[in-house]
Structures are given as structure tokens and as C-alpha cells.
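Welcome! Take a look at the sequence and the model first, and then read on.

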Protein chains: 2
Amino acid sequence: MSTTNFARLLALLLCAGATTRAQDKKLTGYTDAAATTQLQLESQFDKQLSSNHIGETIRSLSSHPHHIGSARGKAVAEDILQRFKSYGWDAEIVTYQVLFPTPKERIVELTGPATYKALLQEPALKEDATSGQEGQLPTYNAWSADGDVEGSLVYVNYGLPEDYEYLERAGINVKGKIVIAKYGRSWRGSKPKVAQEHGAAGCIIYSDPKDDGYYNGDVYPKGAFKNEYGVQRGSVMDIVIYPGDPLTPNIGATANAQRLDRLQAPNLLKIPVLPISYHDATPLLEALDGPVAPEEWRGALPFTYHIGDGKAKVHLKLSFDWQIRPCYNVVAKIKGSEQPDQWVIRGNHHDAWVNGAADPISGLAALLEEAKAIGELHKQGYRPRRTLVYCAWDGEEPGLLGSTEWVEDHAAELQQKAVVYINSDNNGRGFFNASGSHALETLVNEVARDITDPQTSVSILARKQASEVLKAATPKLRKEKLAKQGIAIGAMGSGSDYSSFLQHLGVPSLDLGFGGEDAGGEYHSIYDSYDDYRRFKDPGFDYGVTLSKAAGHTALRVADAVNLPFDFRKLYETVNGYVNELTELTNNMREATAIDNQLIRDRKYQLTTDTAKHLLPPTPKPEVPYLDFSPLQNALTGLDTVTLALSAKKNLSGAAFNKALYQAEQQLLNEKGLPARSWYKHTLYAPGFYTGYGVKTIPGVREAIEQRRWMEAQEQIAVAAEAIKRLSGYLVTAVSL
Amino acid sequence: MSTTNFARLLALLLCAGATTRAQDKKLTGYTDAAATTQLQLESQFDKQLSSNHIGETIRSLSSHPHHIGSARGKAVAEDILQRFKSYGWDAEIVTYQVLFPTPKERIVELTGPATYKALLQEPALKEDATSGQEGQLPTYNAWSADGDVEGSLVYVNYGLPEDYEYLERAGINVKGKIVIAKYGRSWRGSKPKVAQEHGAAGCIIYSDPKDDGYYNGDVYPKGAFKNEYGVQRGSVMDIVIYPGDPLTPNIGATANAQRLDRLQAPNLLKIPVLPISYHDATPLLEALDGPVAPEEWRGALPFTYHIGDGKAKVHLKLSFDWQIRPCYNVVAKIKGSEQPDQWVIRGNHHDAWVNGAADPISGLAALLEEAKAIGELHKQGYRPRRTLVYCAWDGEEPGLLGSTEWVEDHAAELQQKAVVYINSDNNGRGFFNASGSHALETLVNEVARDITDPQTSVSILARKQASEVLKAATPKLRKEKLAKQGIAIGAMGSGSDYSSFLQHLGVPSLDLGFGGEDAGGEYHSIYDSYDDYRRFKDPGFDYGVTLSKAAGHTALRVADAVNLPFDFRKLYETVNGYVNELTELTNNMREATAIDNQLIRDRKYQLTTDTAKHLLPPTPKPEVPYLDFSPLQNALTGLDTVTLALSAKKNLSGAAFNKALYQAEQQLLNEKGLPARSWYKHTLYAPGFYTGYGVKTIPGVREAIEQRRWMEAQEQIAVAAEAIKRLSGYLVTAVSL
């Protein structure tokens, strides 16, 4: 290369570098000029945010227990309403009438061979100012059945389906017995559900100190982790069938809505279930005899874990009031200047199990801080292009009641108007977590690129990328992660208010928050308090401000974009990855089943198992057939083509095109819903039937494969392929708009 | 295919099947006729074995504490001598004079912030008849230095080198402090050695119930596992430098041998170290403050594990008597009829830390049962072709004293005469474990093929293979294991009496035993008793009989073979595998180092580590160079050729050829020994410098790579390649004998 050529190349490279740096601040859906204006707006927005004010909001709204149906719950909704109004928003309370049971009687006692009556009580602590207040809900699992049962106690580990497979190998049947399961690994509601499927008469759930207690760190109040008396309350409604008021599936729980008979509601349990502390669990577990629990089942209590099914007997008695209670959603709006009928919706719930400083007030305080800042900009003349709708939901804790009823009540309107739903819930110190509709992945990356992490002074995107790299298990995977641009957003299961928007209506949705350095044991206990929060979750409330920025910038960018920042190329890439996972999953299951069946046939299990342990070999499983994945693969080819075309065309615009973009995700809905749970209509995302909160992607296909229903898997491949083809066809039309 | 052809094929297949079955009973080194005779002899041998008698031997020899230097220890040696004589063997006691320290004073106490004086005592139990006897050695680590030290206590996990790397990242230095380490993961002697390397003033080792206690199962006497007071005694002599009497390396510790000054012995510690129970460890660990221990460091005690280096202070005071004591080896012979100067040596130690029903009496009882059976056959006229030498070693527990001194004393004679050394130590219920010289792998497989497992009625080979299959982690690996013929024998590190035979002299060696279903916490405690053994280790003494068969058949087959059953093809295959491992290890380290250095440079650790934890990033390491493995690879090509030739030639025989076969392994010795530990001369097998008992294969090369000494790695590649070339050349000559 000549010197001249080299100089020319150098100039080119420098120029390219400069271009790249300028491009860093490009915003999808914005012209360069509009991007500059929007970034200035965000900068003005950021100046309104105050960590002190967020801290004050958290202190104030978590100052008393405020669960759904309580007087204080109503007062909190009214307080939020006044805040929105004072910020200049057009706000109202939208009320529904929902079922919500609270306990009348709770008894757990060991009746043999020794006796012990469980305390079922978290003590007040002098280090926690709100822990001794009146009005706390007792420790319980909402939606447990009424019941008065007694029986042999059986320890079932985490209560997963595979734990019962092990019990079967050990010759232990839980029919008519009381099971005790640990919190963790699956959503709490799956534990009594699986127990009920196996015929158990009752279920106790406890927090083992291995998962949630001294094993993890110093316990409260010395440290953040669960002390021996702490109990995780929580809902055990079978939300994987449907969330919301169990008496009004698919419709709003208005005062006059037609209601199911409670005992017919398909998402309510038939057996009693109660959560207890590890203090209360200790005498029960120590009383167990029978086989020693396998290593993976053992917790951190200081004795040998046994499975039981012997002399230890437990009496469990529970009854509930089963009241219909008002559910107060607060809905606030600032009307859009150009597209008032396109709604950018932002939400976080306001009800708590007790005081709920972290869950939900830390997320709600960030939302209110955004509303305050936007209100201030609005007073200064800012008008969002689209309508902003900020919501504070009631009744999330018992089963996403407030958001689900509102969404069901406004389904048709939302499918017309809702551009995006941006959710948050609790928030803490650490890393940026984002999940949701993958057409929004590019938007999320651009937002995260422009926000600085309070602790490290790099962007929250760079910090998250660093954590993804270090989380990778091998040097090879680390290298791959290091080479990747941006972050992938997760897929959403359930457990917060986005569920009905995304999975029932197909509204593009996101869930945002921070965490990973705020671990503790306060979740759903009386110790989720302001005193706990300011010591262990987000001491300076700096991540409160950072969440306001992340969610606020996202809302504003969507609200103000001339062309909506959807990137369906990311959706294609993600779904393509899922389909590869499914084929690999099936192949791995086929290989594993074949070899395992051979090992069973060849008596390898008998030859290897300690004869003193009397453990039966596993039961052989039918061989795994080859599935025809070609409908999905061909559908993806079509999506590949149209999303490439969509990415290439930069000058698309217009109201019709924009509306087509945000309604596109509705093409992925299947009107019949998932097998055995028709409320869930999205063909890409659903909570797992046995994981509860945990997501299953392409759930119709994946769950059929996992549960070895091969006919159904093949049918669901067709259903998912049709949905993808529908989306492709729709986008082809959109491109021509 | 025509029917006729099909019939023909079927006949062929059936015939092949029949041939395979006949081949099953072929014995390497034997003509078919000789094999039949030998198998009949083994059948006669088996008929002499009695599980009752083995149980009686265990009861009798473990009836009182009998450590080296005790009156009872001498009585046990004399009892064994009488047994050999009564069985018709020519037996004698060979005595050496060895250093062996016992405690004069032992104090461990917490001096701040609270105070606690450790009990250092295992209580007598009514369920264990011998647990309250006089004459027990107190709980201690032999070869601890005398010392009286006090300092801040620091918890160092298992006390591995990488644990200190973590401490460095946490800003904690152990200089002048007392460290407390858990038993497990490394040999006990490595823990104070690494502590000393880092400047610690003293070291406490305790048994965490996670590794050795209630976490694993019910504790003694209810179950087999370590109760809160149990303590693992044991030697902390740095046997990886050299084993045996520390005052007489390389020579026999005869009465007039020239001795080192004790304080100059390079394998003795400079700091005090003491083992304690988890009862005694609890107040010490609970007193620790400072950072919470990382998850991998946490045990099963019911509190949060902290690292310390704060207010908790410990006083450790120890002194020992440092006496020279007699060491009584029992050596018994039956002279060979054809080759009296070719010795087949079988050994097991007889000294115990306390009663030692499992360790060593269970192995010794099997050895004595073999001697009884062979004696009986001898009385009936059987004469082994080669000389049988059966040994019961003293002083194994403190550091392989008896066997090492005997081997050093008879080095020249053994290098001429020793055909094989077959070791055992403790024995229990379960799977066949065999390790040793890989030229003996075929022999071990043939022996295991012909012995029935007492619990499952398949061969001990088939049962072991089944367990290897199920241990494989993935279906793919299970499939591979399932397709494999036979079992691979392990490589030997240290921890029992084979060490000097194999690693100092190059005598082909084996170590045989059963276990895997006999887990418990009795090891080196007063509870390693007959009462424990008959309940939890080998209740019917059936595996005692099975060990007698395995070791006895092996000894007899080597003793009687016209052509020694050495198979150097297996050695070649194994070493080839090792060299592949070493190249892969280097490549993986190169990749991991490069990526890790990049992560450090790019501040990924700082961005990801919780800022509240104040954990420094790791220190960058020099990049890993490419090593030249070609000398080893070329040497292996030579070994490949000659071992193929050796396998192909079936009609080799003659005394010179046979002698060449058993002396061949001496070609693998390097006279200079390993870097910094010249006593270890074998280029293929050695105990790891930091693993103690755990083996390092091709140790000169592997340890240099692991410890990133690249020049040394390259030099040691040449050394190992030379050894392999020497062996190849030697075998080429042997083929022509």
C-alpha cells in the first residue's frame, strides 16, 4: 500500500469512527433532527428526577400495610390519584369488584410422634419501625382451599413433577397425606397444584435457609436475609389457566358482571395450603423418618433430611372469608397532540401484601417520579405526540386482579389504541433487566445505551453486557458474548401486570427494572419495609431515578416517534432461535430416552443402585418420534424475507403504517388459545403450565414436547407456523402502506 | 437374502457367539490348558474363603487401639506373624526405627470476642463397645510443628491455592494469623502446607457437616455419618516430597542409619496444625466477622459463614514427644517352584490410628484370608511358579513408614525380583475399584470378569461397568461408555503403601478394593470400630471375601503364568490419552487466560462485581505460550509400533523375556526425579504437589503447565519423551529375546 493510499484509508477510518460515534445517538424512528430534540427533552426530563423525592414516596406509600380491600389500600389509591392530578394529569380511579379471600383460621401442628404447634407469626423488630403495625395480613397463601386435614407428612423437595417421579421410585405415594415443599425452583402455586394432582390432602410450603435464609447471608435485621420467623406470603391461584378475578374470566369484574360459582372456578385449588417459616418447619422436618433425602433435596437446616411417610403426622386446618372486595385502579392520561387514539401505557401495581416498600412501591415511586417530571414538562409546554396513559394497579398480589380486569374490560379499545405497555414492579440496586416483545429489543438497547449506571459511570447497557459476559460458563461462551452487540431482552412469563396486555391481547409489552445486588429475604413478608429498603435494596434511591429514566425515556420515545421504533428483524432472529431450541430439545430427548430405556432394559440401574436403598429403576418412556418442524421453518423463511425488506426500507411512515406496526403482534394470537388454557392466546409467550411465572416460548409446541404429547406437538407446530405466516403476510401488506 | 443364506448367516452368528463365550475364559499369559488348571486352582482357593472368618479377624485385630509404637501395635504384628506361620508360610518381622510424634499438649481456644475452649475429645458411646477404651491416640495431626501461637482467625474454605487467590481479591492476608480450613477437596497435608506458604502462623482443620456429617445422612451411632464430636486424625507429613521416615529419605531406617536433623527434614511443617470436630469449630466460625463467604465456601452449619480476619482471635498451642519408635513389618513367603527369584508381592498395613476396623483391618483381613487359603492349597501340594511375598506393614498412617523403609532398604533386590506389588487398604460394600500400572489393566479386567458380585450376581466387572455408564453426565457420554469393553484402571497418586514400589522403584503395582455403598464418617476416628464396620461397611463380610478373590486371583495368576500377563498396549493407549489431555489443557488455559485478561483489561470484573463487596478483579496472568509437544508425540509413535508388535506376537516366552516384561516399567523412571522432589522417579505417575493423595499423570509436565512454569514444562516434555523412548527401545529388545 502506498503512503498516499494509507493516508486516504486512515482518513476514511477516522471518518467512519466519527460516523459511528454520531450514529450512537441515532434513534430508531426519528430523523437526526428529531432525535436531537428528543434527547434534549429526555435531558430536561432527567433534571426533574429526584432520588430524595423517590425515597420520600417510598417511605410515605409503604408507611402502613395496604393490601387490596384494606382501608389503607383505598387511601393509597386516593393518594396516588391526587399525586397524578397535582402533576397535571387527567386522572381517575377505575373500580372493579373482585373476589379476595383472607384467613379466618390457620392451624399447622405436628401431632405425632412429638407435638408442635406452628407459630405462624412474624415478630415485630425494634430495627424495623413498621414491623409491629396493626392491619398486617397474616402469613398465608391466598386461594388455598378451606380444609381440615390430618395425615402422614411427606417431604417433596421443591414439589416439582420430577420430585414425585423420584418418590415413585422410592415407593412413596402422597395420596391422602400432607406434603411439605420448599419455596424455590418453581412458582409457589405449582407446588400445591402438583401435590393435588398426586392426591395429597394438604400442602405446606416453607422457606429453607439454603434458598432463603442464613445460608445466603446475615439475617434480618443484622443483614438482609430471611430470619427464622420470616414467611413468604403469596397467591396460589392457578394463573397459568387465567389470572385476574377467578369468577370473571375474559370479562371485566364490574359490579354486575356474570360470575362463576367459586367452587367451579377452574383456577382455584381443592386442597388447603399454607406457607411457614423455617422456625416452624424445623420440628416438622426433624420428625420425619423414612429414607434419607437425596443430595439435591437437602437444605441448610442442621440435621439429616428424611422423606418421611412414616410416623410424623400433621394436622392442617384453614378457613377463609371469601369476600368480594373493591379493586381500585388509578388511571392517568396526558392526551397526545397528533395521535390521541394511540396509547403509550405505563403501569405498576400499588397494592402490597403488607407494607411493600420494595414490592411494589419501589417501582411505583419511579413511575410517579416519571409522571411528575412529564407533568412538569407538560406545564412548560411539552405535548406528547401520542397519548400517555400511566396506571397504578390494585390487586396485583393475589393474581394480577386490577390490571387483568381493566384489560378484559377494555379489550377491544386496547387492541385498537394500545401501542405499547411498559411495566415495572419492584426495583433495586444492580443490573438492568428488560424483557418483553422482541420487536422492541432495539428500542430497549437504544434507551439503555443513553443512561448512565449510578455506581460504575458506564451505561446501563454496558454494565448489563459485562454481566452477561461474566455469567457465561466457559471461556468460549465468554468470547462469544463479548463479541455480541447489545443485549437480548428476555421473554415474559407471568407474575406481573403485563400478562393480560401481552398474552391475552397481543399488545407489545415490556417489563423493566434493576436488581442483582439487592438480594434479601423480605419478599412478601412484614419486613419488606422502608427500613429494610433503605439499608439493603437501593440505599440512595439512585436506581429509583435510573428506573424512571429507563421507563420514562422508553415511554417518551414511543410517544413522540414519527415512525414507531419497532424492529421485527429482532423478533425474527429470536423466534428463529426458539425453533432451533425446539428441534434440539426434541433430538436431545430422543437420544436421552433411547439410551435411558436401554439402561433400564439392561438392568444398569439395578446394578448401580445401592441395594440397601430399595430404589426402583425409572419407568421406561415411549421412544421420541421425529416431528415435522418444516411448517415452522418455512414460516420463518417468510418472516426472514419480509423483516429484511422492512429493515431495508427507511422511508416508511404514515399513520396507517404506524398503526399496522403496533397492531402486528396481534397477528401472533391464536383465537383458540393454548391447549387447556384458552385465555392465553399468544403463540410465542406464556407462563409455563408447571413453572407458573417462568416463561415458555412457543408454549403450545414446547410444553407438548416437554410433556411428551407428540400429536399435540405436531398440531401446535401448525398453529405456531400459521401465526408466523399471518404476521409475515400482515407485514407484507404494511410495507406497502 | 435367500433362506439358505440366512440360515448360514445365523449359524455363523451363533458360532461366533459360542467362540466369544469360550474366549471369555481365556487368560492372558496362559495356554488354554494352563488356563483351565489355573481356574480350577482359583475355584479351590475360593472354597477356602470364609466371610465368618474374615469377620472374626476384623473383630480380633481391631479389638484395641494399635497405632505404631504402641504395645498393642507390636502385639498385632506378632499375632499376624503367628497367623502366617500357622498357615504354613515362612514369616518374619522386619523392624525399622522411625520417628513418630505423639502429642504432649493440645490447646485450641477462642480468646475473643467471646471465649471457648475446644474439647478435642470424641466421647465413648454405649452403642460402640471399643469407643471408651484406654490407649487411644488423641485427636491430632501427626507431624504438626510444636507451636504456641495466637492471632486473628481467617476461614480459608478448603485451604486450596485458589482459595487464597480469592482471599487476595477480598484484600485479606493470612500472614501471622490462624487459618481454619475444612477437610475435603485436597489431602489434609496440603492445607497447612499452603497456609504456611502464605505466612499463616497456625492451621486448624475441621470436618464440616456438609462434607462429613449430618448433611450426608444420620450420624453415628444412629447412622454411619460423623457426629458433632467426631474428628479425623491423620498425617500432615509432606509426602509429596517423600514418604517414609522423614529422617532417612532414600535409605532404610535401620538402627544405625544416618539420620537428618528433624528440624532440617524438608517434608515437615514449620507451623502447628490440629484437626477439630464440628462441635468445636462452631463457636470459632460463628465468631467470625468480615465478608460473607462466597457460596462455594459455605458448609452446612446453621449460620452465615464469614471469612473473618476481624475480631475473632484464636490461641493454638501444641507440643509433641518426637520419639524414635520401632516399626514392625511382617513379611511372609512361599517360595516359587520355577522362579524363586521372581516375587509377587501383596501388602496391606496393620497399624491404625485407633481401632481401625475398616482402615486397615478390613483390607488386612482379606489379605490374611488369602494367605490362609493359599497356605491350605500349599499343604495340599500347590506350589506357585514364582515366589509369593505377603506383607503386613506397620506405620502406614503416619506416612507409609513401614513399607517405604522396607522398599528403600531392599531397593536393589526389589528392582531385580519384584514382578508386581498388589496393595489393598480399607474395604467396604459396593463397587470394584482398581488402579495402578496400566500394563496390568488387561489382567485386572480378566480377574474382575471371573468374580461374582455378592449383591447382584453379575461379575464385579459388569457391575463396575454399569456404574461407569450411569456416572457419565450426558446421554452421549453414557452411550460411549456403554459401547466400551472392560474398565479402565485408575492412575495411582499416594495415600497407601504402593507408593514406594511404584513411584520410587518402578515396580508394576496395583491397588484393589471395594466401596461406594459404605459411606460414613468413621475415618481415622475412634468410631472406626468393629461395631461400626459390621453395621455400615460390609455387614456380612461378603466384600471381604470378594477382595480376597480379586487380590488372590491376581497374585496367583501372576505367580503361575508361564508368560507374565503384561499388556503394554494398554499402557500405550493410556499414555496417549494423557498426552491428549495435556495438549488440550494447555490450549484451554491459553484460551481462558486470553479471554480473562481481556475481561480484566476491559474492566468487566469491576462492572459486574457488586460494588458493596469491595472485591478486586483477578490479577492478569501472562499469556500461555504454545508448547512443543512433538517429542512426546513422536515418542508415542514409537511406543505404538512396538506395543502393536508385542501384541501380535503370541509365542514369546522364556525367563529373560519375562524378566524384561516386569522390569520394563523401570525404564519409565527418571533418575533425577521430579523437579523439587527427586524421590519421585516415575515419569507417569505421582501424587500432586498440591493434591497430596490425588494423582498427577505425566506429573513433570502436567504440574509445570498447571503452575504456569512454561520453561520447565518444555524441559519435562523432553524428560517424559526420553522415558517413553527408553521403554520403546527396551521393548524392542525384549521382543527379540
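## A serine to start from

Let's begin with one residue: B:Ser467 sits in helix H14 of chain B (helices are DSSP runs of H or I with at least four residues, strands are runs of E with at least two, and both are numbered from the N terminus). Its relative accessibility is 5%, so B:Ser467 counts as buried (buried means under 20% relative accessible area, exposed over 50%, and partly exposed in between, with a 1.4 Å probe and protein chains only). Setting aside neighbours within four places in sequence, B:Ser467 is in contact with A:Thr608 and B:Phe431 (contact means heavy atoms within 4.5 Å).

## How to read the model

This is a predicted model, in which local features need pLDDT of at least 70 and side-chain atom pairs count only at pLDDT 80 or more, while totals for chains, interfaces and linings use all residues. Residues are numbered from 1 along each chain as its sequence is written, chains are lettered from A and ligands numbered from 1 in the order in which they are written, and side-chain values use heavy atoms, leaving out hydrogens and water.

## Where the chains meet

Chain B gives 50 residues to the contact, and chain A gives 50 residues. Between them, the two chains bury about 4,200 Å², with 59% of it on carbon and sulfur atoms (buried area is the accessible area, with a 1.4 Å probe, that two parts lose on being put together, summed over both).

There are 6 salt bridges between chain B and chain A (a side-chain nitrogen of Lys or Arg within 4 Å of a carboxyl oxygen of Asp or Glu). B:Lys476 forms a salt bridge with A:Glu591, where the closest N and O atoms are 3.5 Å apart. On chain B, the elements that give two or more residues to the side touching chain A are helices H14 (460-471), H15 (475-483), H19 (568-601) and H20 (604-608).

## Two copies, one surface

Chain B can be laid on chain A by a turn of 180° and a shift of 0.0 Å along the axis, with an RMSD of 0.0 Å (least-squares superposition on the C-alpha atoms of residues with pLDDT of at least 70 in both). The two copies are thus related as by a two-fold rotation axis. Because 100% of the interface residues of chain B are also interface residues in chain A, the copies meet through the same surface.

## An enclosed helix

Finally, visit helix H16 (residues 530-537) of chain A: 6 of its 8 residues are buried, so this helix is largely enclosed by the rest of the structure. The buried residues of H16(A) include A:Tyr530, A:Tyr533 and A:Phe536. Helix H3 (51-61) and helix H8 (357-379) of chain A are what the buried residues of H16(A) pack against.
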